[in-house]
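Please study the sequence and the structure shown here before reading on. The paragraphs below are intended as a guided reading of both.

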Amino acid sequence: MPGATFQPSEAVDFLVIGAGAAGGVVAKELSAAGFRVVVLEQGPYLHEKDYTHDEVKYTYQAGLTNDPKTQPITYRKNESETAQPRKAIEYGRQVGGGSVHFTANYWRFHESDFRERSLYGAVPGTGLADWPIQYADLEPYYTKAEYELGISGLAGANPFEAPRSKPYPLPPMPVKSSGVLFERAARKLGLHPYPAPVAILSQPYRGRAACVHCGFCESFGCEMGAKSSTLVTVIRAAEKTGRCEIRPDSYVRKIETDARGRVAGAVYFDSRRREILQRAKAMVLCANGVETARLLLLSQSKAFPHGLANSSGLVGRYLMWDNGAFASGLFDHPLNEYKSIQATRVLHDYYEADPKRGFYGGGGIDARFDYYPASFALSGLPDSAPKWGAEYKQALRTYFTHTMGLLSHSSSLPQERNYISLDPVVRDAWGLPAVRVTFDFHPDDLATMRWLLAKQVEILETAGAKKIWTMGFSIEDNMPSRHLMGTCRMGNHPQRSVVDRFHRAHDVPNLLIVDGSSFVTSARQQPTATIQALAYRAADFAIQAAKRGELG
Amino acid sequence: MPFTRRKWLSQCVAATAASGIAAAQRYAQDAVRSAAPPAFQSFDAATGAEIAALTSQIIPSDDGPGAREAGVVYFIDRALGTFDADRRQAYQRGLAAVQKKRRELFPQSSSIATLPPAGQMELIRAIEHTGFFALLRKHTVYGFLGDPSYGGNRGGVGWKWVGFENRMSYQPPFGYYDAQAKGGE
């Protein structure tokens with residue numbers, strides 16, 4: 001799809017950094033409103049024809065994500081340790097970003113997720129805070145995202161869901177055996193399972209074909225274009241306007257500011273590692289919950305000695321990620337869970353926090369199968385199973401088609417001590433300081449995972465599993481972590497947050513930041529729907545502000 | 001010292017990570033076109049036989065095709081010449097340590113490949129908690145169940161063994177329980 005082409009010396013109306021779940025939405029909204037937009041994306045521009053079912057490429061090498069060989073990450077639990085190289089975090093690295101290779105679960109937040117502090121009070125050791133916006137502020141944008149991108153689900157089936165103005169545009173996906181077993185057992189226990197809302201087309205929609213149930217969603221790109229990534233939806237729409245240029249293989253190293261302290265453009269390395277300055281009148285930073293903070297920290301200058309937009313010192317702080325625990329069950333008859341999408345049933349009965357539990361937190365549970373043949377053979381069997389030999393080989397044959405899992409998606413509390421910074425020693429292949437992750441669970445996060453895991457086991461028992469096993473939830477088991485949130489938190493007070501309620505940086509009037517980094521709290525994971533609703537809302541604000549001349 | 005395994009590494013063609021996948025698939029396609037058994041790219045013949053012996057204990061050829069029939073050793077050979085070139089040293093050192101262990105356990109033996117099966121299993125039990133074994137196991141699994149274009153999983157034998165149909169599309173019902181639920185509607 002040929003989009004527009006702009007010269008780097010030409011100051012475009014908006015420079016968007018990152019063509020992922022948020023950046024794609026923003027690019028389309030701004031270009032459709034008449035603005036000239038350049039999007040810089042560090043990864044390549046791939047298309048449906050480039051995607052295959054090749055596990056060597058996509059599970060062994062995690063080919064659609066950041067590569068630690070060229071972009072090392074270091075990790076430490078706390079500041080007393082020296083961070084060591086480790087793929088602690090993982091994000092999509094191509095046009096479309098994580099929306100290309102994600103599992104495509106698409107949960108809206110609950111109303112309570114925006115007001116946890118008011119509802120439950122302070123949680124020791126955390127910066128739990130209310131969002132400066134409410135669910136009602138975001139509802140129209142959730143609906144817009146669901147219709148523009150194409151989401152399948154069943155409105156009203158989840159009795160705990162927040163009010164919605166419209167049903168899903170597409171009916172839910174067909175239930176799999178895991179969903180049937182989960183639903184029967186959960187109902188027996190008095191719970192309320194419902195069809196998983198997913199960014200996958202159950203029917204043809206707006207010129208795109210429906211899912212053919214090949215089963216290769218998580219970690220893979222969809223060769224049918226049935227997964228509703230920004231790549232096959234809004235990014236194409238943005239290019240069609242003739243006002244948006246998607247520039248792949250463009251790795252931004254610094255945001256430049258002018259004498260007034262406003263963003264003037266960004267310097268990036270192109271595919272041949274030439275440094276190029278793209279000028280712009282305003283910027284929307286959508287580089288994900290980790291790279292956004294890193295880029296701000298990399299953009300130090302005399303005017304911004306601690307990094308851009310960082311007068312609060314909170315850029316990089318309050319990192320939250322995708323906590324959850326996993327239980328598996330073996331059944332008598334074949335489930336063939338490798339067919340079709342990963343998860344078809346969910347429940348939110350344990351979503352809300354409850355002070356009676358003695359800890360803060362909650363979560364959703366879905367019935368799923370995350371594995372492909374090789375990844376299953378390496379990590380899908382019980383720990384007690386043999387690791388090699390005739391019995392191992394026999395176990396693969398018995399378990400692969402007869403196993404399903406239950407995964408919890410639980411709260412990750414915002415802690416100031418969990419943060420992204422620039423590693424003082426390790427550098428990436430471009431010579432830039434590597435991302436250093438400092439992260440440890442809050443005790444309540446662990447308690448929530450343990451509590452939910454007992455519920456998952458109870459459901460599998462009720463479903464009649466003849467063998468049940470669980471995966472540990474050590475910090476190592478949760479790496480690499482996705483769903484990166486919180487590192488440029490939103491708030492009304494410039495001393496206690498990085499962006500305002502419309503995603504404008506408190507310190508830089510023509511810089512908007514919208515992606516997982518804007519999150520004040522993590523809700524119960526599955527952040528993509530909220531990232532995209534926020535992106536639609538931020539774009540609306542940017543359009544109005546630009547028209548008023550506030551962003552120039 | 002009966003074995004000198006240094007040479008095979010120096011024969012490897014250095015490949016960048018970016019071109020690794022395509023190169024691995026090209027090697028495998030060339031191997032398929034040729035009627036003769038595929039030649040090794042990274043290993044020498046003796047090393048290849050040792051690695052093949054180890055992989056055939058991880059996934060044995062008992063009541064169905066195993067690592068040997070799947071051509072796992074060729075998958076590993078290509079991987080070390082292409083996308084996993086940075087693991088060649090791990091193989092070099094790892095295999096040397098396994099040979100040392102073999103000589104300790106079986107002083108009269110001359111190679112892993114010529115040990116009787118019970119001896120090979122005893123040797124693996126002695127190394128199964130090492131980092132090299134974890135790498136070898138991972139490679140063996142991908143060589144058995146990965147895409148055949150990389151030289152392993154010949155004819156999809158690994159997929160057939162675990163019951164993976166490898167079709168581009170499926171229609172519901174997918175399994176026993178959703179079929180049952182549909183029938184009960």
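Predicted model: local features only at pLDDT ≥ 70, side-chain atom pairs only at ≥ 80, totals over all residues.

The following paragraphs treat each chain, then selected strands and residues, and lastly the contact between the chains.

Chain A contains 12 helices and 18 strands. Its radius of gyration is 22 Å, close to the 24 Å that the globule rule gives for 552 residues, so chain A is as compact as a globular protein of that length. Taken along the principal axes, the box filled by the C-alpha atoms of chain A is roughly 70 × 50 × 50 Å. Of the 552 residues in chain A, 59% count as buried.

Chain B has another make-up. It holds 10 helices and 0 strands, and its pattern along the sequence is accordingly written α-α-α-α-α-α-α-α-α-α. Of the 185 residues of chain B, 43% count as buried. In chain B, residues 24 or more positions apart account for 69% of the contacts with a separation of 6 or more.

What lies in the interior? The largest nonpolar core has 211 residues, and those with the most contacts inside it are F14(A), I17(A), V26(A) and M283(A). Helix α12 of chain A, residues 528–547, gives the most to this core, with 10 residues. When its neighbours within four places in sequence are left aside, I17(A) is in contact with L40(A), V252(A), A266(A), M283(A), L285(A), C286(A), A287(A) and L295(A). One of these partners, M283(A), is itself listed among the core residues with the most contacts.

The strands of chain A may be considered next. In what order do the 4 strands of the open sheet stand? The order is β4-β3-β16-β15 in chain A, and the pairing is mixed. The edge strands are β4 (84–85) and β15 (419–427) of chain A, each of which pairs on one side only. Between β3(A) and β4(A) the pairing is antiparallel, over 2 bridges, and T74(A) has P85(A) in β4(A) as its bridge partner. A helix also belongs to this picture: α8 of chain A, residues 291–298, lies across β15 and β16 (433–438) of chain A and runs at about 65° to β15(A).

Strand β11(A) is joined by 5 bridges to strand β14 of chain A, residues 403–410, and the two run antiparallel. Within this pair, the bridge partner of S328(A) in β14(A) is G405(A). Strand β11(A) also pairs with strand β17 of chain A, residues 467–471, in the antiparallel sense over 5 bridges. There, F326(A) stands opposite M471(A) in β17(A).

Strand β8 of chain A (residues 263–269) and strand β9 of chain A (residues 275–279) pair in the antiparallel sense over 5 bridges. G265(A) has R279(A) in β9(A) as its bridge partner. The hairpin has 5 residues between the strands, and R273(A) takes a positive phi near 60° in it.

Attention now turns to a single loop residue. T65(A) lies in the loop between α2 and β3 (73–76) of chain A. Why does T65(A) count as buried? A residue is classed as buried if 20 or more other C-beta atoms lie within 10 Å of its own; T65(A) counts as buried because it has 23 C-beta neighbours inside 10 Å. Apart from neighbours within four places in sequence, T65(A) is in contact with E90(A), Y91(A), G92(A), R93(A) and H101(A). By contrast, T65(A) and R184(A), 119 residues apart in sequence, are 36 Å apart in space from C-alpha to C-alpha.

The last topic is the contact between the chains. How many residues does each chain give to the contact? Chain A gives 37 residues and chain B gives 37 residues. On the side of chain A that touches chain B, the elements giving two or more residues are α2 (55–60), α6 (177–188), α9 (373–379) and α10 (390–399) of chain A. The residues on this side of chain A divide into 19 nonpolar, 8 polar and 10 charged.

Definitions and conventions. Residues numbered from 1 in each chain as written. Chains lettered and ligands numbered in written order. Contact = placed C-beta atoms within 7 Å. Nonpolar A, V, L, I, M, F, W, Y, C, P; charged D, E, K, R; others polar. Buried ≥ 20, exposed ≤ 12 C-beta atoms within 10 Å, placed from the backbone. Pairing = 2+ DSSP bridges. Axes fitted to C-alpha atoms, helices over the stretch in contact; angles between N-to-C directions. Rg over C-alpha atoms; globule rule 2.2 N^0.38 Å. Core = buried A, V, L, I, M, F, W, Y, C linked by C-beta atoms within 7 Å.
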